[in-house]
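Welcome, and thanks for taking a look at this one with me. Please have the sequence and the 3D view open as you read the notes that follow.

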Amino acid sequence: MSEAILNLEDKSYRLPVVEGTEKERAIDISALRDMTGYITLDTGYQNTGSCMSSITYIDGEKGILRYRGYPIEQLAERGSFTETCFLLMYGELPKDEERKAFSAKLTESSMIHEDMVRFFDGFPSTAHPMAILSTMVNALSVYYPYFYTDDFMSQTFDTMATRLISKIRTIAAYSYKHSIGKPFVYPKHDLRYCGNFLHMMFDSPVKPYEIHPEIEKALNVLLILHADHEQNCSTSTVRLVGSSMVNLYSSICAGICALWGPLHGGANQHVIEMLEDIKDEGVSIREYMERAKDKSNKFKLFGFGHRVYKNYDPRAKILKEHCTVLINKFGIREPLIDIALELEDAVLHDDYFVERKLYPNIDFYSGILYRAMGIPTDMYPVMFAIGRMPGWIAQWKEMHDTVPFKIGRPRQIYTGKTLRDYVDMDRR
Ligand code: ACO
């Protein structure tokens with residue numbers, strides 16, 4: 001095994017180097033503080049591996065993304081979302097019998113408790129669906145309680161996991177219906193995962209919804225592309241919260257909250273709002289780009305840049321192709337597509353963005369596809385959460401299966417006042 005040598009205050013320390021199956025290497029510093037009294041400092045965790053994981057592999061320089069070894073391009077073209085859920089959680093693609101059993105479990109779990117349905121009445125119709133989603137997912141722990149025991153993984157995990165994957169789409173569709181003041185549409189047992197979601201979203205007693213295979217396929221692709229992305233902000237949140245041994249629902253609820261932010265899964269909503277601004281308000285593409293370059297504000301060009309991808313985001317490439325297919329098939333006239341293409345081109349030829357390797361990410365094109373499907377803008381982060389659910393669950397399970405198990409607890413370098421005495425009120 002190779003080692004790294006650390007020279008510190010006249011002493012030399014040997015630190016083991018660990019290597020992954022794709023030759024990624026890390027210096028194992030788990031004994032650093034005990035050995036040296038030092039900790040490491042890495043704000044934003046750009047150089048910190050929080051775990052060893054066998055779920056998702058990314059090579060950001062080459063634009064590679066694989067789930068359990070399978071390239072994302074093949075899964076998106078030939079697989080389904082439910083197969084991908086199974087793959088992420090259990091490590092292998094399901095055999096036919098396993099797929100049928102898994103689908104049957106998803107179908108059985110698709111309804112939500114009728115008492116819980118009444119919760120929706122308590123939310124104002126203006127509530128953001130991400131707030132509703134996180135609340136309802138946490139509330140599942142009230143209606144479907146469980147206790148974490150040693151045999152949890154063998155006895156209860158499957159039920160919890162299928163429940164979450166299935167119910168999230170029902171909760172999502174109900175939150176949309178609530179926001180537009182229309183009656184809830186119950187899931188149908190003869191529909192597949194994505195078709196059932198579209199049915200609950202768009203069917204109505206006065207206007208039945210026809211499920212187009214192209215839209216069902218595009219939704220499958222979208223969810224597959226979002227299904228996991230190793231240790232991103234929301235997944236790390238699920239792991240960190242879950243490491244306290246709180247229940248799975250609450251861990252996932254925390255992940256949904258982390259995902260909502262505009263720098264993460266909330267970016268897709270902001271991309272469309274930005275494109276609309278450019279169309280309606282006459283804010284030019286150049287003005288937006290200049291604002292994003294200006295370091296005196298925190299504004300970023302939504303849909304561009306990625307912590308890991310420094311060449312291109314393979315998911316954005318797949319989505320761009322699907323956008324074109326769907327828009328041509330349904331003859332959708334979408335001026336935002338032209339603006340998006342113009343913006344992408346301007347960014348790819350601008351020194352600031354080129355030097356910093358800022359390319360379109362998955363959120364740049366996902367919003368346009370959702371829009372073509374008729375999904376409203378504030379539901380985009382919710383769609384992301386539906387897709388990410390199997391990844392969160394798989395990562396949570398992997399963490400709990402790892403021995404030795406440790407609660408997540410980073411350290412800090414304190415920069416506040418040093419010791420001083422309390423000052424009485426009349427002397428302040
Ligand atoms: N617009 C303008 N400048 C940017 C952008 C952007 N979208 N993204 C990064 N930069 C700049 C940074 O300000 C930094 O500039 P500096 O070197 O002059 O200080 C430089 O590029 C390097 O930034 P990174 O180190 O790559 O940024 P980081 O890894 O910290 O952040 C992030 C990645 C959050 C995705 C960032 O690119 C961003 O905010 N993008 C816009 C929001 C977005 O689209 N988020 C979705 C990401 S994909 C996902 O979560 C599914």
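Helices, labelled H or I and at least four residues in length, and strands, labelled E and at least two, are DSSP runs numbered from the N terminus. Please keep in mind that this is a predicted model.

**The ligand and its shell**

- The ligand is surrounded by 23 residues, and the closest are Leu-301, Gly-303, Phe-304, Arg-307 and Lys-310.
- Sorted by class, this shell around the ligand holds twelve nonpolar, five polar and six charged residues.
- On its own the ligand exposes 920 Å², and the protein buries 78% of that.
- Helix H17 (351–355) and helix H18 (362–373) are the elements that give two or more residues to the shell around the ligand.

**Helices H13 and H16**

- How do the axes of helix H13 (residues 267–280) and helix H16 (residues 335–348) cross? They come within 10 Å and cross at roughly 100°.
- Angles of 65 to 115 degrees count as roughly perpendicular, and H13 and H16 are therefore roughly perpendicular to each other.
- From H13, Ile-272, Met-274, Leu-275, Glu-276, Ile-278 and Lys-279 meet Pro-335, Leu-336, Ile-339, Ala-340 and Leu-343 of H16.
- The residues of this contact between H13 and H16 divide into nine nonpolar, no polar and two charged.

**Backbone details**

- Look for Pro-404 in the segment after helix H19 (380–401); the peptide bond from Val-403 to Pro-404 is cis, with omega near -5°.
- Asp-10 sits in the loop between strand E1 (3–8) and strand E2 (11–19).
- Although Asp-10 is not a glycine, it has a positive phi of about 65°.

Notes:
Residues are numbered from 1 along each chain as its sequence is written. This is a predicted model: local features need pLDDT of at least 70, side-chain atom pairs count only at pLDDT 80 or more; totals for chains, interfaces and linings use all residues. Side-chain values use heavy atoms; hydrogens and water are left out. Axes are lines fitted to C-alpha atoms, for helices over the stretch in contact, and angles run from 0 to 180 degrees between N-to-C directions. Angles under 35 degrees count as roughly parallel, over 145 as roughly antiparallel, 65 to 115 as roughly perpendicular and the rest as oblique. Contact means heavy atoms within 4.5 Å. Ala, Val, Leu, Ile, Met, Phe, Trp, Tyr, Cys and Pro count as nonpolar, Asp, Glu, Lys and Arg as charged, and the others, Gly among them, as polar. A residue is near a molecule or strand if one of its heavy atoms lies within 4 Å of it. Accessible areas come from the Shrake-Rupley method with a 1.4 Å probe; for residues, only the protein chains shown count as cover.
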